[in-house]
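Please keep the sequence and the structure in view while reading.

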Amino acid sequence: MTLAGIEELVGSWGWPRYRARQLAVWLWQKGALSFQEMTDLPLAARQMLNERAVITRLELLERLAAPDGETVKFLFGLADGQGVETVLLRHDYGRSVCLSTQVGCRMGCAFCASTLGGRVRDLTAGEIYDQVLAVRRCEGEQATHIVLMGIGEPLDNLAAVLVFLENVSAPYGLGISPRRITLSTCGLVPRIRDLASYRLGLTLAVSLHAPNNELRDRLVPINRWYPLEELIPACRDYARATGRRVTFEYALIKGVNDSDGHALQLGALLKGILGHVNLIPVNDVPERGFTAPGAERVNAFRRILERQGMAVTVRREMGAAIGAACGQLRRRRGPGRGEEPA
Ligand code: SAH
């Protein structure tokens with residue numbers, strides 16, 4: 001719930017309005033695990049909350065730390081027996097958490113493990129939020145940055161994501177500025193336009209991965225509904241409306257989308273957009289059989305884009321050793337949580 005929602009609820013119980021803020025601070029900032037610990041609420045109020053409400057919490061099922069200590073992957077159990085993966089990335093500028101927004105994913109991208117079992121359900125706003133708190137409970141470290149780049153398509157669960165964003169950036173929450181939050185989408189054009197209209201100031205990342213419709217239809221199937229001639233103008237408008245640079249993610253797959261011709265086409269496609277390209281040598285997903293090109297090809301691709309005036313970064317690979325890199329997160333089953341999908 002947002003603060004307004006809690007205000008409405010406690011108002012319907014005849015409580016003073018400021019109780020809502022106290023509750024929000026306990027829930028979204030202090031990460032209270034029970035109503036009992038909410039010591040600035042009268043005992044009777046705590047008892048009533050106990051009878052009428054529950055605080056659900058993610059349960060740590062598995063923790064995997066990369067040998068270099070920079071990346072930690074968590075498998076968290078949800079109240080209904082499902083599970084999600086969350087990743088903590090320690091950078092020199094701070095700590096970012098990569099959050100999941102759905103159990104599984106229905107977008108069907110050809111190279112991504114999160115979509116192998118389809119979508120099971122959306123996460124609630126609380127479950128998205130609690131990933132940040134659960135990482136804090138486990139590591140004692142507070143995230144400074146958030147990326148919505150874990151399992152699921154955030155714009156396919158936008159209502160919950162909006163509640164999450166409101167709470168996490170609020171002073172009664174964690175006060176993480178939207179400028180430090182990146183939302184990654186495979187390209188749900190109407191939702192990108194909705195997001196632009198809210199002017200939240202978050203960074204938009206778009207999973208492009210191909211410079212033409214023929215190839216993108218195969219790699220990122222949502223392209224069949226929202227082709228490049230709709231997606232690119234929506235990105236242009238997002239950048240214009242928000243003043244924020246759009247990130248274009250491009251996973252380089254050997255022999256599929258990594259030729260000089262593809263680089264030239266990509267440069268032409270993005271010409272003049274306020275944005276930059278993030279090249280990601282594709283990560284291993286054994287079921288998919290795609291491989292990454294060598295460093296030389298990656299650099300050649302990069303240089304062609306730069307010559308056309310594009311800003312380009314190559315994503316530093318973190319977490320590959322523990323299956324925590326982009327596209328390696330996977331839906332876990334209920335009863336056999338921790339199992340790989342068949
Ligand atoms: N559904 C959103 C959020 C997932 S983010 C989206 O599509 O953007 C995960 C990012 O990793 C996306 O850019 C996705 O396309 C990319 N990705 C998926 N599988 C990958 C793989 N095997 N190697 C590298 N990047 C991958």
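The model shown here is predicted. Around its ligand there are 19 residues, and among these F111, S184, S207, H209 and N283 come nearest.

**The shell around the ligand**

- In T185 a backbone N or O atom is involved, lying 3.3 Å from an oxygen atom of the ligand.
- For N283 a backbone N or O atom lies 2.8 Å from a nitrogen atom of the ligand.
- The ligand taken alone would expose 530 Å², and the protein buries 96% of that area.

**Cysteines and disulfides**
- A disulfide is a covalent bond between the sulfur atoms of two cysteines.
- With a cut-off of 2.5 Å between the two sulfur atoms, the count of disulfides in this model is zero.
- C98 takes part in no disulfide, and the nearest cysteine sulfur, which belongs to C326, is 6.9 Å away.
- C98 counts as buried because its relative accessibility is 10%, and the cut-off for buried is under 20%.
- C109 likewise is in no disulfide, with the nearest cysteine sulfur, that of C186, 5.1 Å away.
- C109 has a relative accessibility of 11%, and therefore counts as buried.

Key
Residues are numbered from 1 along each chain as its sequence is written. This is a predicted model: local features need pLDDT of at least 70, side-chain atom pairs count only at pLDDT 80 or more; totals for chains, interfaces and linings use all residues. Side-chain values use heavy atoms; hydrogens and water are left out. Buried means under 20% relative accessible area, exposed over 50%, partly exposed in between (1.4 Å probe, protein chains only). A residue is near a molecule or strand if one of its heavy atoms lies within 4 Å of it. A polar contact is a pair of N or O atoms within 3.5 Å; within protein, one must be able to donate a hydrogen and the other to accept it, and residues adjacent in sequence count only if both atoms are side-chain atoms. Accessible areas come from the Shrake-Rupley method with a 1.4 Å probe; for residues, only the protein chains shown count as cover.
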